[in-house]
Amino acid sequence: MSNEFFMAMVPPTVTHQEKQVRVAGGKPVFYEPPELKAARQKLVAYLGQHVPDEPYHCGVRLITKWCFPRGKHLDGTYRLSKPDTDNLQKLLKDCMTKVGFWDDDALVASEIVEKFWGGSPWDLCPDRQAAMIWLTPQERKALWEEYPEVQEMYEEYNSILPEDDGAWERVAERCHQIREQYQTLQVEVALQDVVWQLECLAKRKRGD
């Protein structure tokens, strides 16, 4: 069984390695800074749209291509700066475990990881229609009329904040439910668009 998908998002540059520590009661306590929490929530929300019907119980080969906005770099060239691929993967696999891709990330027995400088999601995704998250108001309205559950999710969670872990988990679960209900390319586009909108609103409320 294979599960191949593309997430039209700017990859996080903060990684699992950036946990911080404070002393409480004379003992060290590790915690996640707000930037790491936001990166985790972002991945959970996007990954929640692609969770398999049943978690994997066997050995898994995980192939990951991280595509970062290229800026002045040549399109398709390797990114040779941080974040390191091992730290990117640790955060990714933690989030994949959380949303239910497998029983335990120890099942990942083979791994291929690359990180590139690339263009927009339109350039990076082999199926360009699937990467379309920049919708016009008319296109968004049409999708919301066809999939009213997506609009309902937006209206319910448009006051979400980056640090609200529980709310982002509910967003991910709702995305999965809607995706399973319709199983169409159009609903994938609508879900990616609404998650992107919620993420932008959350950052704006925090003043990012």
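How many residues apart in helix H2 are lysine 90 and aspartate 94? They sit 4 residues apart in helix H2 (residues 85-99), a separation of about one helical turn. Here a helix is a DSSP run of H or I with at least four residues, numbered from the N terminus.

A word on the model: it is predicted, so local features need pLDDT of at least 70 and side-chain atom pairs count only at pLDDT 80 or more, while totals for chains, interfaces and linings use all residues. Residues are numbered from 1 along each chain as its sequence is written, and side-chain values use heavy atoms, with hydrogens and water left out.

Searching the whole structure turns up 8 salt bridges, a salt bridge being a side-chain nitrogen of Lys or Arg within 4 Å of a carboxyl oxygen of Asp or Glu. The table lists some of them.

| Salt bridge | N to O distance |
|---|---|
| Lysine 82 and aspartate 84 | 3.5 Å |
| Lysine 90 and aspartate 94 | 3.3 Å |
| Lysine 98 and glutamate 169 | 2.7 Å |

Let's look at the surroundings of each pair. Accessibility is relative accessible area (1.4 Å probe, protein chains only): buried is under 20%, exposed over 50%, and partly exposed in between.

Lysine 98 forms its salt bridge with glutamate 169. Because lysine 98 belongs to helix H2 and glutamate 169 to helix H6 (residues 165-182), this pair ties together parts 71 residues apart in sequence. Glutamate 169 is partly exposed at 36%, and lysine 98 is partly exposed at 46%.

Notes
Helices (H or I, at least four residues) and strands (E, at least two) are DSSP runs, numbered from the N terminus.
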